[in-house]
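Here's a walk through how the pieces of this two-chain model are arranged. Have a look at the structure first, then we'll go chain by chain.

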Amino acid sequence: MDTNDSLRVASLWHSMHAISQQLSPTTGCSEIELLEADTFDLHIFQSLTGTKFFVVCEPGTQHMEALLKVVYELYTDYVLNNPFYETKMPIRCELFDINLTQAIQKDRVALLGR
Amino acid sequence: MPPAAPRSGDAIFASVERVNAELFTLTYGAIVRQLLTDLEEVEEVNKQLDQMGYNIGIRLIDEFLAKSNVSRCVDFKETAEMIAKVGFKMFLGVTASVMNWDADGTCCSIVLEDNPLVDFVELPDTCQGLYYCNILSGVIRGALEMVAMKTEVTWIRDMLRGDDAYELQVKLLKQVPEEYPYKDDE
């Protein structure tokens, strides 16, 4: 996915999230956490500050919540702590990208055993 | 998978990378001195320190939430305890305590036992109106604003001004839940 696609998914998701909060049939339900489709799963994590992280993966992939938590920590370490990163702009922090790729690779090895 | 339990301030403080305390104190001192030289007015410096603290706070809150695994606080009392016990411990390595709650539970004092920012500092006569640690009030205000609370944070007692402790008053002005710009009647 290129930047425009990511922005499209993110803005679509932001609206869906708002609508789903109003529509929820059970009380005390705050947000969508998982969207299961035929060809992919979409996991979402929302921090208490309202920042949302989502990951698109193969259907049935496990431990995505843990991965999202790791991504949240990487975000706070490499993006927010970067004084030149402007909030709400697309993230172009090299350290974040490198560490993110490493985290996903590690995860893959742990999950698939290779 | 069960959610991870919230971590204590001590545990997080032990696990993060730390910097030499003197370097931290000297760097902060250099910032304040430079602001005094540039802005000249003590009130302006107070405002600038608060603004700097605010800019730090809005980013620091996510790091706090990510590392400490806390869930949403039930009320403002819990929020204040979190700031004092986990927040101050995690970022400054100091223990703080919460006291002097008012009747509605919207205003309290956070008392710092120790303050690494002010090691070796004495305020000269020309700077008597200066709130040397005003960056801390900005940090708390900024951090709480990002979790939907508008607060007012002021210094009640400041050891550099002759008092016996560092006491911050945190007052909750209002809760501002995230609003979506969708109107029902359109």
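Starting from the N terminus, the elements of chain A go α-β-β-β-α-α, which comes to 3 helices and 3 strands. Helices here are DSSP runs of H or I with at least four residues, strands are E runs of at least two, and both are numbered from the N terminus. This is a predicted model, with local features needing pLDDT of at least 70 and side-chain atom pairs counting only at pLDDT 80 or more, while totals for chains, interfaces and linings use all residues. Residues are numbered from 1 along each chain as its sequence is written, chains are lettered from A and ligands numbered from 1 in the order in which they are written, and side-chain values use heavy atoms, with hydrogens and water left out.

**Chain A**

The C-alpha trace of chain A spans about 40 × 40 × 25 Å along its principal axes. It is split into domain 1 (1-29) and domain 2 (31-113), with bounds that come from an automatic or database domain assignment. The C-alpha centres of domain 1 and domain 2 of chain A sit 16 Å apart. Their contact (heavy atoms within 4.5 Å) draws on 8 residues from domain 1 of chain A and 9 residues from domain 2 of chain A.

The 3 strands of chain A make an open antiparallel sheet in the order β1-β2-β3. Two strands pair if DSSP finds at least two bridges between them. At the edges are β1 (34-36) and β3 (52-57) of chain A, each with a single partner strand, so one side of each has no neighbour in the sheet. The twist averages 10° from one strand to the next; angles run from 0 to 180 degrees between N-to-C directions, and axes are lines fitted to C-alpha atoms, for helices over the stretch in contact.

Strand β2 (residues 41-46) of chain A is joined to β3(A) by 6 bridges, and the two run antiparallel. Helix α2 (residues 64-80) of chain A touches β2 and β3 of chain A, and its direction makes about 135° with that of β3(A). Helix α1 (residues 3-23) of chain A lies across β1, β2 and β3 of chain A, at about 115° to β3(A).

**Chain B**

The sheet in chain B is open too, with 4 strands in the order β1-β2-β4-β3 and antiparallel pairing. Its edge strands are β1 (96-99) and β3 (149-157) of chain B, each pairing on one side only. Neighbouring strands are turned by 25° against each other on average, direction ignored.

Here are the pairings of that sheet:

| Strand pair | Sense | Bridges |
|---|---|---|
| β1(B) and β2(B) | antiparallel | 4 bridges |
| β2(B) and β4(B) | antiparallel | 6 bridges |
| β3(B) and β4(B) | antiparallel | 8 bridges |

At residue level, Val98(B) has Ile110(B) in β2(B) as its bridge partner. Val111(B) stands opposite Glu167(B) in β4(B), and Thr151(B) stands opposite Leu172(B), again in β4(B). Helix α5 (residues 134-146) of chain B lies across β2, β3 and β4 of chain B, at about 160° to β3(B).

The contact of α2(B) with α3(B) has 10 nonpolar, 1 polar and 1 charged residues. Ala, Val, Leu, Ile, Met, Phe, Trp, Tyr, Cys and Pro count as nonpolar, Asp, Glu, Lys and Arg as charged, and the others, Gly among them, as polar. On the α2(B) side the residues include Tyr28(B), Ile31(B) and Leu35(B), and they meet a set in α3(B) that includes Val45(B), Leu49(B) and Met52(B).

**Between the chains**

α2(A) and α3(B) pack at about 150°, with their axes 9 Å apart. They are therefore roughly antiparallel to each other. By class, this contact has 6 nonpolar, 1 polar and 6 charged residues. Among those in α2(A) are Tyr72(A), Glu73(A) and Asp77(A), while α3(B) brings residues including Arg59(B), Asp62(B) and Lys67(B).

Technical notes
Parallel < 35°, antiparallel > 145°, perpendicular 65-115°, else oblique.
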